[in-house]
Amino acid sequence: MERLIFHIDVNSAYLSWEAAFRLQHGEELDLRDIPSAVGGDEASRHGIVLTKSIPAKKYGIRTGETLYQARAKCPELVVVPPRYWIYMQCSQAMHEILMEYTPRIQRFSVDESFLDFSGMKNLYGDHMTLAEAIKERIKKELGFTVNIGISENKLLAKVASDLKKPDRIHTLFPEEIEKKMWPLPVEDLFMVGRATSTKLHNMNIYTIGELAKFDPELLRYKMKSHGELIWRYANGIEGSDVRKSNHMEMKGVGNSTTTAFDLEDRETACRLLLSLCETVGMRLRYSGNCCRVISISIRDNSLATCGMQKKIDVATDSTRKIHETACSLFDRLWKGRPIRHMGVQVTELCSGDFFQFSMLDSFDYEKDKKLNRAIDEIRLAHGAKAVMRSSLLHSGLSAMSGGVGEEDYPLMSSIL
DNA sequence: TCTGGGGTCCTAGGACCC
DNA sequence: TCTGGGGTCCTAGGACCC
């Protein structure tokens with residue numbers, strides 16, 4: 001059957017949402033019209049550009065660079081802090097509009113979705129008219145613009161939505177590949193990042209077209225399966241389904257944070273690990289999973305990162321068990337350098353729906369399970385700060401660490 | 001070019017088994 | 001004891017995405 005895939009991409013998502021929210025609340029200035037950026041707090045060492053406005057882009061400001069560097073390029077840059085709960089609501093509101101058009105939606109990220117309109121021609125007619133209707137409705141009802149890419153598969157639709165911004169609709173059907181996609185620089189291709197583009201340049205490949213016409217055997221030899229993958233992408237070959245993502249099939253859960261100041265002693269480090277483990281443990285239980293592998297990562301003040309993982313004998317969803325393992329990993333991994341950043345990840349998930357028991361462990365699983373469940377319920381109802389480990393009191397660390405920088409961030413909002 | 005946080009997948013080396 | 005080979009598991013690290 002002939003396939004018809006849309007890729008919807010919010011233009012400068014965080015910044016657009018921030019701007020729309022401010023306008024709705026009486027602010028005169030539209031952040032999208034001036035050089036502006038959403039950025040983290042520099043005092044706590046989170047000072048990077050998360051999203052920039054189109055006028056800011058004209059100054060050469062790039063996502064991910066430090067606010068210090070950004071201001072060097074544009075001294076009058078207006079920087080606003082992120083407010084993630086607003087973005088979640090905007091994302092959800094857009095999703096609800098999209099759902100009116102088709103249930104076949106894959107939320108690819110907070111600001112990107114794939115829609116499958118295959119075999120619905122009788123229902124919607126011309127794809128350009130349909131895309132126009134969706135785009136205008138989002139603009140009118142929610143106050144922000146999107147790009148829509150249209151093609152026969154997800155890869156081409158995604159490349160299409162990236163062509164020219166903002167507020168645009170592009171098609172990229174197979175017969176258009178040569179004209180619209182092949183002249184683009186290779187780094188514009190999905191899955192060609194910095195390391196790959198360097199390798200490709202060394203092979204004298206600079207455009208997607210040059211990659212498409214290159215010998216796939218040689219690419220395979222030099223870059224393994226990834227070489228073959230990007231060769232297929234360059235030729236527009238991709239066939240994955242638009243499928244609903246549900247959190248039951250997550251592969252892992254993690255939480256990491258950069259601390260406001262370097263950590264120099266084990267006690268404080270293990271307390272931070274506890275805070276991270278609280279978040280990971282709760283998300284893990286919320287997803288209905290247990291994990292079999294626990295890992296930590298440490299970035300020191302020289303920005304060197306290292307990690308270590310351990311496979312445990314019995315799958316667990318216990319915050320305490322995760323924390324015990326994390327601390328033992330820390331003791332093996334840490335060489336004493338001041339710590340800038342730490343993370344906890346759990347992987348190899350399996351259903352949490354079975355009885356955990358180990359003769360070798362005196363720890364009372366049933367008691368711990370009840371405790372975790374009770375704490376989770378209180379936090380869902382009253383927020384992360386409602387319950388706090390006594391060891392974290394007066395430590396300057398949050399009860400639950402998280403990337404949002406907001407103590408009262410509503411946990412597990414409707415998204416994902 | 002030195003900064004965030006949340007993910008996924010792949011690869012290579014070592015241990016261990018047959 | 002040495003040499004050869006195949007398979008799996010575990011772990012560290014890299015690359016990519018948003």
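Student: Which residue in S4 does Ser36 stand opposite?

Tutor: In this predicted model, Ser36 stands opposite Val78 in S4.

Student: How do you know that S2 and S4 are paired, and in which sense do they run?

Tutor: Pairing requires at least two bridges between two strands. Strand S2 (residues 36–39) is joined to strand S4 (residues 78–80) by 3 bridges, and the two run parallel.

Student: What makes S2 and S3 a pair?

Tutor: Again there are 3 bridges, here in the antiparallel sense, between S2 and strand S3 (residues 49–52). Within this pairing, Ala37 stands opposite Lys52.

Student: Which way do the residues of S2 point?

Tutor: Ser36 and Val38 point one way, Ala37 and Gly39 the other, and all are buried. In a regular strand, side chains alternate between the two faces of the sheet.

Student: Why is the largest nonpolar core said to lie between domain 1 and domain 2?

Tutor: This core has 60 residues, and Ala37 is among those with the most contacts inside it. Helix H1 (residues 13–24) gives the most to it, with 6 residues. Because domain 1 (1–175) and domain 2 (182–234) both give residues to the core, it lies between them.

Student: Why is Leu273 called buried?

Tutor: A residue is buried if 20 or more other C-beta atoms lie within 10 Å of its own. Leu273 has 23 C-beta neighbours inside 10 Å, so it counts as buried.

Student: Where does Leu273 lie, and what does it touch?

Tutor: Leu273 lies in helix H12 (residues 266–286). Beyond residues up to four places away in sequence, its contacts include Phe330 and Met342. Both Phe330 and Met342 belong to a second, separate core of 24 residues.

Notes
Residues numbered from 1 in each chain as written. Chains lettered and ligands numbered in written order. Predicted model: local features only at pLDDT ≥ 70, side-chain atom pairs only at ≥ 80, totals over all residues. Core = buried A, V, L, I, M, F, W, Y, C linked by C-beta atoms within 7 Å. Buried ≥ 20, exposed ≤ 12 C-beta atoms within 10 Å, placed from the backbone. Helix = DSSP H or I, 4+ residues; strand = E, 2+ residues; numbered from the N terminus. Domains from an automatic or database assignment. Contact = placed C-beta atoms within 7 Å.
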